[in-house]
Amino acid sequence: MFYREAGDFKTSYVEDSQTFPLRLDRRAYYVLLAVAFGVVPLFINDYWANAVFVPFLIYAIAALGLNILTGYCGQVSLGTGGFMAVGAYSVYKLMTAFPDVSIVIHILLAGLITAGVGLLFGLPSLRIKGFYLAVATLAAQFFLVWLFNKVPWFYNYSASGQISAPERTVLGHAVTGPNTTAAAKYLICLTLLFALAWLARNLTRGAFGRKWMAIRDMDIAAEIIGVNPLTAKLSAFAVSSFYIGVAGALLFSVYLGAAEVGEAFGIQKSFLVLFMVIIGGLGSIFGSFAGAAFMVLLPVLLKNVLVGQLGWATDLAAHIELMIVGGLIVTFLIVEPHGLAQLWRLTKEKLRLWPFPH
Amino acid sequence: MLDAGRTETLLEVNNIEVIYNHVILVLKGVSLTVPKGGITALLGGNGAGKTTTLKAISSLLRSERGEVTKGSILYRGQRVQDLDPAELVRMGVIQVMEGRHCFEHLTIEENLLTGAYTRSDKGQIAADLEMVYSYFPRLKERRRSQAGYTSGGEQQMCAIGRALMSRPETILLDEPSMGLAPQLVEQIFEIVRAVNENEGVTFLLAEQNTNVALRYAHYGYILESGRVVMDGPAAELRENPDVKEFYLGMSDKGRKSYREVRSYRRRKRWLG
Amino acid sequence: MPEQMLFATEAALNGLMAGVMYSLVALGFVLIFKASGIFNYAQGVMALFAALTLVGIQTGQIPFSHLINAIFGTDLHHFGWELPAIVAIVLTGLVMILLAVLIERIVLKHLINQEPIILFMATIGLAYFLEGFGDLMWGSDIKKLDVGLPQGINETIDRVTYDAFGYGFFIDNLDIVATVVAGLLVLTLSLFSQYTKYGRALRAVADDHQAALSVGISLRFIWILVWSIAGIVALVAGIMWGAKSGVQFSLSLIALKALPVLMLGGFTSIPGAIVGGLIIGMGEKLFEFFVGPMIGGATENWFAYVLALVFLVFRPQGLFGERIIERV
Amino acid sequence: DLMIPNLSYRTGPYAANGVPYADGFTDYFTLLNERDGGIGGEKVVVTECETAYNTEKGVECYEATKGQGALVYNPLSTGITYQLIPKVTADNIPLYTPGYGRTSAANGKVFANVFNYPANYWDGASIIIKDILNRNGGDISGKKIALVYHNSAYGKEPIRTLEELAKKHGFELTLLPVDHPGQEQKSQWLQIRRERPDYVIMYGWGVMNAVAIQEAVNIRYPMDQFYGIWWSGSENDVLPAGEGANGYRMISFHGTGSDYPVYQDLKKYVYDAGKAAGDGSNPGNVLYSRGMYAAMVIAEAIRTAQELAGHSNVTPAEVRDGFEALNLTEERLAELGLPGFSQPIQASCEDHGGPGTAMIFQWDAAAKKWNPASDWLASDSEIIDPLIAEDSAAFAAENGIAERCN
Amino acid sequence: MTDMTEGYTTADGRRIGPVLMDLRNITLRFGGVEAIKNISFDIREGEIRAIIGPNGAGKSSMLNVISGFYHPQEGEVWFRGRKRPPMKPYEVARQGIARTFQNIALFEGMSVLDNIMTGRLTLMKTGMLSQAVWWGRAQREEVAHREKVERIIDFLEIQSIRKTPVGRLPYGLKKRVELARALAAEPKLLLLDEPMAGMNVEEKEDMCRFILDVNDEFGTTIALIEHDMGVVMDLSDRVVVMDYGKKIGDGTPDEIRNNQDVIDAYLGVSHD
Ligand SMILES: Nc1ncnc2c1ncn2[C@@H]1O[C@H](COP(=O)(O)OP(=O)(O)OP(=O)(O)O)[C@@H](O)[C@H]1O
Ligand SMILES: Nc1ncnc2c1ncn2[C@@H]1O[C@H](COP(=O)(O)OP(=O)(O)OP(=O)(O)O)[C@@H](O)[C@H]1O
Ligand SMILES: [Mg+2]
Ligand SMILES: [Mg+2]
């Protein structure tokens, strides 16, 4: 009854293809933006920033990137960890080589470098499909990790091969290094996420998005109606890697501050981001957010409840946490295989009909 | 010809409602009865709900996230709507799905043999295989090809042949004529009639080719947007003026040319 | 240099053996993929779980003792028995079958006709769950698995080759056992899938769930069947790898060594799993032997994948995989 | 109360090692609480936080606990340590990383908040070489030594040191990386079998250790020429290889076994009282002892801090000062029920790295225990000090840190 | 029919132009199977050209050759008076050849509108950067194309399902959407593979109307495979008949209707 589209007429095609066609949704979105940019930074503390918000924002960027590749273009990739490493090491090299250039530029450049690497590893996708491709992308994952671990130039010849981010500022506020405030970390990640999500939305709603989706849904038919699979797939790999590279750069420089490739960008990272995308909803911008939120928040929440509230031993809690996360993943898939985004859509469809059942 | 009133009812669908994805209501109270040993046709336009009805009966709905929310489906008087599709096959109900659904990596022959999955009488299976090949010589030529690489019509034959291989009591046929060359369409319906008359197999078929369907069926139901709007013995339906006009494409002057259709725009709209 | 050749041969032989060990894991993947198109990410965790259960049963550990102790303040550890290996193995086999039944009941049944990636994801959920469950049940300490498999250098081969070439080859007894076991498994499973009607049904299910249902193939039965077999294959892999490295969490990571094997051999081919294993094993060891020293070593992980990738570019379905049908 | 977070890992690939360490750590504080009513009258609250050896969870644990007044961190992971170094410095909380972490943190002039006494990775490498020297009458030129290492930041740590030592003593160094998790090491060990290095040194962690020892047994590599750093020498690592592991050498900066008097108290106040952290199977083993060692040093540092501050409820900053002023003497160790357990430590503003001494132990497979096989050995500061100076200077330059202690 | 290179005018006054697509001696083999055996025929500008034949005759394969998906082992394809070098399917599409598929090949994950918009991909030119920024060029282009697509939607009377995901549509509507997608590409040559399979008479009438209108209003050349002889005979200007990969007839509907080879191989009794 309250949630409806009646009376919400569209009089132009521009209006009709808005991101949030319903007025109510649109308002909710503006309120959310205002809160995210205006209110949260005032109250955020280190714990909320580091345990919840910053990882969520960064993973949301990575999830957006992978969603473009896997969700929109249908190419399952398990190389995310490796590509994030490319972003991280690029930004590290840039930061240390050109200390005077703005970190924001470095981060974007890191994204571009990753896009190039992604393009390279995307080449086999022209021949290899489905799970074969997924497994093949692991070659990128393992090779890149090995490379960054092996070639001392990448870690500036430090004794242990660890890289650590020196302090860099944006508009006079430190955004990397130990003196960064929670709000600064949060804001830089939020701003980048906002911008990138907006770009992703634009890309996916237009010609590129349709090319990708056509390839995803039926690559042969797509080719016959005029989509060049080479450019479609490679552009998806490039854009996706750009996002993932930016996420990797942020993860290292803003969030972790120090990283070691095998540990921070190992295969489990690839899987983690893939979970986010699938749980959130393949081919959905909102889904990338929802999935990232789910996979970042749930463990923190469970840990807080099981250990903090119930006072269980940490190992019991950790085991049970694994079981719960696994169980929830399965449950969600059973309830709605197309992810949180679809669940949300269906709920809205029901809401629109409410109080009538159908 | 069989008279529905006189023979035993094999399958009974009572006022079922089907919802997909918990929100999309597709069938709004469909009831029908299929007599044992009869050929019953389910007619209706695109999206009328024919396929959905058949899937509801064969329990395949659940795998499409659809669900029978009201009403009941009885087979031999027993409630079957919560059964596993495999159990239903063992009870003797098999469905030929719309859009062929062959196992594309299996050869034609392997496809046919999976039809006999529930059976164990080796010798008889071999004989039936030959029977199917005699119905569809084209399949015999292509028996070693992977089904995925055969033509549309060949796949359709394969799907029908596969169902015959299970020696069912009832076959649910979804659009058997689709994509088949005209003489094959006749042939398929001849096969349907032969199997029906010789072996007493009951048929429920959804078909767009109303013309042929009504020539071979005993009884027909016409579905429109999820409801049964008309039913009756096939011969009567064939004579019904509305059916004639909209489903058989006959005007008063016999079959009208498709070229002429252009001049009159969808009269049915006004007729309601 | 002949000595170099000898060394290379030894490396290659050991590579073949290592490859067999990978194949054991890959085999489980293949079975499930073949039967349902499911890429079972949980295969590695199943091997871990099987090995944990085996040790637990054999040494009479009380399951969930940690949890029970935490809740009730008791101090339970062991039942106090030591079972003969064979009994424990049989019991564990039964547990794996039970697990297959439960997985079908609780998870797969609800996911009929879903896209492969969704099913893949579900198996990841399963892997998480099993990992937590296994640890909760049996504890996360390292356990020694001892079912009496021989280990260490095979003296005969060492001696014979020494007499022949002046350099004794090192072949691990455990690897020899693994090779024999893997050979038997591959043979039985190939026969099963080739010559029984279930074999055909498996492939039918993998192609089209709905159509399989419509001809009366009970997905539930087929799934329970293959997941049970895969569970038992996982047990075998768990025993072999557990004997090698002890039973603890990292055992589940052997799945990662199996993936390139799978890819190279083809996801749907049982013999492919073994041939792929041999190629990968030998390839990575030889590469490490010849090229590794030049570029700093530890190349095995990525080399296996790159090797498989190169193969795939020429044969996108792997060596023995079913041709990918592309038609409109 | 004194809040001491325990960033432990009882799950994940390294759980088997994380558990005994965490148990020893916790049990020692339980003992202090039960027997002495805490430290200086203040109860110690040990808050465990599970990291699963994962750096991101480590950060989350850090943030979650630091707000609760955490006094000192000991994450038992080189990766997490690297991440925490800048953070603890900004938050002025001490970070104690005995025998792991960033080696150059021994330089207090640059790393104000990090302490890694009594010994670090480079000391470890140097001491192993020293033992080898001792066994060879001081001359190992021309010998071949292989390093089998965990292919991660941690495993790579000793390489530079060993290279320097190789130059100095004229031995030949072979590097053999093993990727995580390290279940498959055939190539590495075949190479060892072919090249027959005179000694093998291992820097491993987790399952890699056990597999390496098993492989060494398989190729019949002489166990007493096989050395493990302290993280590669726990019961977990040698037991699976059974008899074969007899004679394996391990280096440690503290004693092992439950013969120390403190165990009587532990038994009385902790184990028998049902307050033990784990399942009771670990006391006395190497990693348990090391956890206990870390706890003991932290307790002593807090005690020192309390003395310096003149009040018992110390702040993290005061505990940092306590670490810097720590003077752990042999007498004090004896008092604590740990006579001869380790070497004395006298920390200072410059020296956060301690004496750099350790001892070689050898595995007795029949008795299932570690026997001392050397005296306390000191590392070669001639090699190590310049390396530390160089590395910390680089860090200081990169991060714009001015040297302290002038 | 008089052969005139410059075309001719039909009985109902439509202008048929010169040869647009000329297939010369095409032979296509799959391993051992010879799906097309040395077939030649042409398609003239503005004409409706039907391809008929029994199942497995090679009709769909022929369309696949034209659209560049299969590459014949022998023979030449001439398009607009020029010999076509071997091309990727998407390059063929960009030359102005669009098609529909026998087994519907819509993009199931997208809405009807998006599916039809994909038809215009070959005509959209904005680069990735302006796409990402959206405001300005990309939006203008999008709106311009949307307007064109809306005209097709109106034309095919599928306004009400514009935003529906195609996966939910019944078979017949899917076929219509596929036609819309092909039309959206504004092709010179439109290839239709059994566009009316699975439709009842009324729906076929609609489809026919659309096809005729497309041909009329946009002057689009159409090649059509269909098994409904009524449709074929009424709509097409010329018919080519295939059997077992061979051409057994080529001519006007009337000629074909009376061609004995065709009657034997395909039509069986005359259908009217
Ligand atoms: N999986 C599904 N999800 C949502 N809606 C569906 C689904 N399948 C079918 N529908 C809807 O149900 C209605 C009936 O479809 P159904 O396929 O039963 O029609 P039909 O009579 O078989 O049509 P046709 O002759 O075209 O095959 C259609 O409006 C369709 O949109
Ligand atoms: N890719 C392929 N590989 C192998 N054989 C093929 C392939 N494509 C088609 N064929 C074979 O070529 C023959 C012609 O197929 P085609 O699809 O062209 O027939 P069709 O005339 O369209 O028949 P239908 O009316 O049944 O659709 C068939 O026998 C088919 O099995
Ligand atoms: Mg239908
Ligand atoms: Mg065809």
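# Interfaces, metal sites and salt bridges

Reader: How many residue pairs are in polar contact between chain A and chain E?
Author: This is a predicted model. The count takes pairs with both residues at pLDDT 80 or more. Between chain A and chain E, the number of residue pairs in polar contact is 8.

Reader: Which element gives the largest share of the side of chain A that touches chain E?
Author: The elements that give two or more residues to this side are α1 (13-16), α7 (182-205), α8 (207-217), α9 (219-224), α10 (229-256) and α15 (339-353) of chain A. The largest share is 9 residues, and they come from α8(A).

Reader: How many nonpolar residues has the side of chain A that touches chain E?
Author: Sort that side by class. It has 8 charged and 5 polar residues. The nonpolar residues number 20.

Reader: Which three residues supply more than any other three of the area that chain A buries against chain E?
Author: Here 33 residues of chain A are in contact with 40 residues of chain E. The pair of chains buries about 3,100 Å², and carbon and sulfur atoms give 67% of it. On the chain A side, 25% comes from three residues: Y13(A), R210(A) and I224(A).

Reader: Which residue forms a salt bridge with R210(A)?
Author: Chain A and chain E share 2 salt bridges. For R210(A), the closest N and O atoms are 2.9 Å apart. The cut-off is 4 Å. The partner is D114(E).

Reader: Among the 8 pairs of chains that touch, where are the most contacts?
Author: The nearest C-alpha atoms of chain B and chain D are 37 Å apart. For chain D and chain E that gap is 32 Å. Among the 8 pairs that touch, the most contacts are between chains A and C.

Reader: Which three residues supply more than any other three of the area that chain C buries against chain A?
Author: In this interface 56 residues of chain C are in contact with 43 residues of chain A. The buried area is about 4,400 Å², with 81% from carbon and sulfur atoms. Three residues supply 16% of what chain C buries: M121(C), Y128(C) and W302(C).

Reader: How many salt bridges does the rule find across the interface of chain C and chain A?
Author: Polar contacts do occur, in 9 residue pairs with both members at pLDDT 80 or more. For salt bridges, the rule finds 0.

Reader: How many charged residues has the side of chain C that touches chain A?
Author: By class, 36 residues of that side are nonpolar and 14 are polar. The charged residues number 6.

Reader: Is Q102(E) buried or exposed?
Author: The limit for buried is under 20% relative accessible area. Q102(E) has 11%, so Q102(E) is buried.

Reader: How many residues apart in sequence are the parts that T51(B) and E98(B) tie together?
Author: The magnesium ion (ligand 3) has T51(B) (OG1) and E98(B) (OE) as protein donors, 1.8 to 2.3 Å away. T51(B) lies in helix α1 (residues 50-58), and E98(B) in the loop between β6 (93-96) and α3 (108-115) of chain B, so the parts are apart by 47 residues.

Reader: Which residue forms a salt bridge with D91(D)?
Author: The structure holds 79 salt bridges over all chains. In this one, the closest N and O atoms are 3.2 Å apart, and the partner of D91(D) is K66(D).

Reader: Is E382(D) buried or exposed?
Author: E382(D) meets K168(D) in a salt bridge at 3.4 Å, N to O. The limit for exposed is over 50% relative accessible area. E382(D) has 59%, so E382(D) is exposed.

Conventions: Residues numbered from 1 in each chain as written. Chains lettered and ligands numbered in written order. Predicted model: local features only at pLDDT ≥ 70, side-chain atom pairs only at ≥ 80, totals over all residues. Heavy atoms only, no water. Contact = heavy atoms within 4.5 Å. Buried area = accessible area lost by both parts, 1.4 Å probe. Salt bridge = Lys/Arg side-chain N within 4 Å of Asp/Glu carboxyl O. Polar contact = N/O pair within 3.5 Å; in protein donor to acceptor, adjacent residues only side chain to side chain. Nonpolar A, V, L, I, M, F, W, Y, C, P; charged D, E, K, R; others polar. Buried < 20%, exposed > 50% of the residue type's maximum accessible area, 1.4 Å probe, protein only. Helix = DSSP H or I, 4+ residues; strand = E, 2+ residues; numbered from the N terminus. Donors = N, O, S within 2.8 Å, 3.2 Å for Na, K, Ca; no water.
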